[in-house]
Amino acid sequence: MAAATTPAATGAAPQASASDIPSVDRVLNLADIKPLLALYGRTQLTAALRKHLDKLRADALAGKLIPADVDDSQLIDILEKQLAAASRLHLRALFNLTGTVLHTNLGRALLPDEAVQAVVSALTCPGNLEFDLETGGRGDRDSLVEDVLCELTGAEAATVVNNNAAAVLLMLNALAQKKEVIVSRGELVEIGGAFRIPDIMQRAGAKLVEIGSTNRTHPADYANAITARTAMLMKVHCSNYAISGFTRSVEVSTLAELAQPHGLPVTVDLGSGTLVDLTQWGLPGETTVRETIRQGADLVTFSGDKLLGGPQAGLIVGRADLIRRIKKNPLKRALRVGKLTLAALEPVLRLYLAPEFLAERLTTLRLLTRSQTAIKAQSERLLPALQNALGTHYTVAAEAMSSQIGSGALPVDQLPSHGLVIRAGNAANGGKRHGRALDKLEKALRQLPRPVIGRIADDALWLDCRCLEQHDEVLFSTQLQGLSI
């Protein structure tokens, strides 16, 4: 009679059965489980535990359960990791190394400390959002930022909604519903997500009157299109593309001259909008809101979270009578901003009152004006840690590259920058293309505790260091040790 075989005799891994799986109550009464109970509560912990025990029972039926799976310490370790992952917020901090400073998908402008502290205060304390401290009566939330906006732009009045598309929609609905709005064909822009000026016009209830051609529009085109049904002449800043060559557009000042005899307002959608002359810091020039008002625009709309460097918002500034009409429109309440936006916006605007400190205190401008020399020094400091984490599978080099402002602002202008360029393989394999290896690495970087977002181009992964703050260098380098590739 043959001798019975055992797992040890056959070399097979030892097995555990369903009877070895502990009960929910026994696990919940373990001394080592108490920290998890205190952190996550009994409800979450019990639900996670039941789910994991169900998995262990399925493994037992499939003959895949081993003694280590039912060890108390391993059970607790698995529960801790599962609960930590399940509790992690979906909106997470990350490192933007794409080379796009105002990256729409990554949240655009970063707020300065003054704005952060104001938001914290608004979150934790009651505030005079719509309460007039002088009279003790109800106030207007726009009054929190209207004075400073008027001071910075030269406008008579101002109002704020939740983004610039909303600002344009509200302006058109309030002033041009069932009437005609004249716009140059070359300015019928499309912004992100296939969101187009003609679509906004239609939703606002206004009739679009296209004039001119794609590349050239003349004053006579506007003049000939004006009828008794015209509500306004509208100009749209082409912030996310540029037409060059045989082109012509009509200046705001000329539009104002054309509109004045007819009593029509001239409105300008500046898109990203800036409050200061950027050329003083060596950046590409962009027409400011004040200049647009001075040229004769009756209303100007622009964003708060692009070149302005504040929170997401749409700002409308201009003639007081037109702003009053806009604020009476029912859509204004639907599109208004909350206290957190206003709390962040006011301190950002007030930074502009001291322009000599702006490049230091406004985060967006500080990032845009970083010198290539400083960024190069930073990338060279970071190179050894990254190369060490990647081993021999990849080669890392510190190289010059170009950043862009982003979010449709100055689309053809580049900023000299520097960063880390990662290529798959090394000299031993001839530097062959390894697209899959780069994809794998890009994914691994995205899965770090604080994800690192770069861009793949020209058979390499590019990590532009322009937006990597110096105080984040230690965290960036340290977490690379956990990179799994």
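Biologist: Does Cys150 count as buried or exposed?

Modeller: Buried means under 20% relative accessible area, exposed over 50%, and partly exposed in between, with a 1.4 Å probe and protein chains only. Cys150, at 15% relative accessibility, is buried. Cys465 is buried as well, at 1%. The model is predicted, so local features need pLDDT of at least 70 and side-chain atom pairs count only at pLDDT 80 or more, whereas totals for chains, interfaces and linings use all residues. Residues are numbered from 1 along each chain as its sequence is written, and side-chain values use heavy atoms, without hydrogens or water.

Biologist: How many disulfides are there?

Modeller: A disulfide covalently joins the sulfur atoms of two cysteines. With the criterion of a pair of cysteine sulfur atoms within 2.5 Å, the count is zero. For Cys465, the closest cysteine sulfur belongs to Cys467 and lies 10.0 Å away, which is too far for a bond.

Biologist: Which residues of helix 10 are buried?

Modeller: Residues three or four places apart in an α-helix point the same way, because there are 3.6 residues a turn. Helices (H or I, at least four residues) and strands (E, at least two) are DSSP runs numbered from the N terminus. In helix 10, residues 252–259, the buried positions include Val252, Leu255 and Ala259. These three cover an arc of only 55° around the axis, so they lie on the same side of helix 10; the arc is taken from the directions from the helix axis to the C-beta atoms.

Biologist: What covers the buried residues of helix 10?

Modeller: Contact means heavy atoms within 4.5 Å. The cover includes helix 9 (219–225), helix 11 (289–294), strand 7 (230–236) and strand 8 (266–271).

Biologist: Where is Gln372, and what does Gln372 touch?

Modeller: Gln372 belongs to helix 17, residues 372–390. At 32% relative accessibility, Gln372 is partly exposed. Leaving aside residues up to four places away in sequence, Gln372 touches Ala400, Met401, Pro416, Ser417 and His418. Leu89 is 283 residues from Gln372 along the chain, and their C-alpha atoms are separated by 35 Å.
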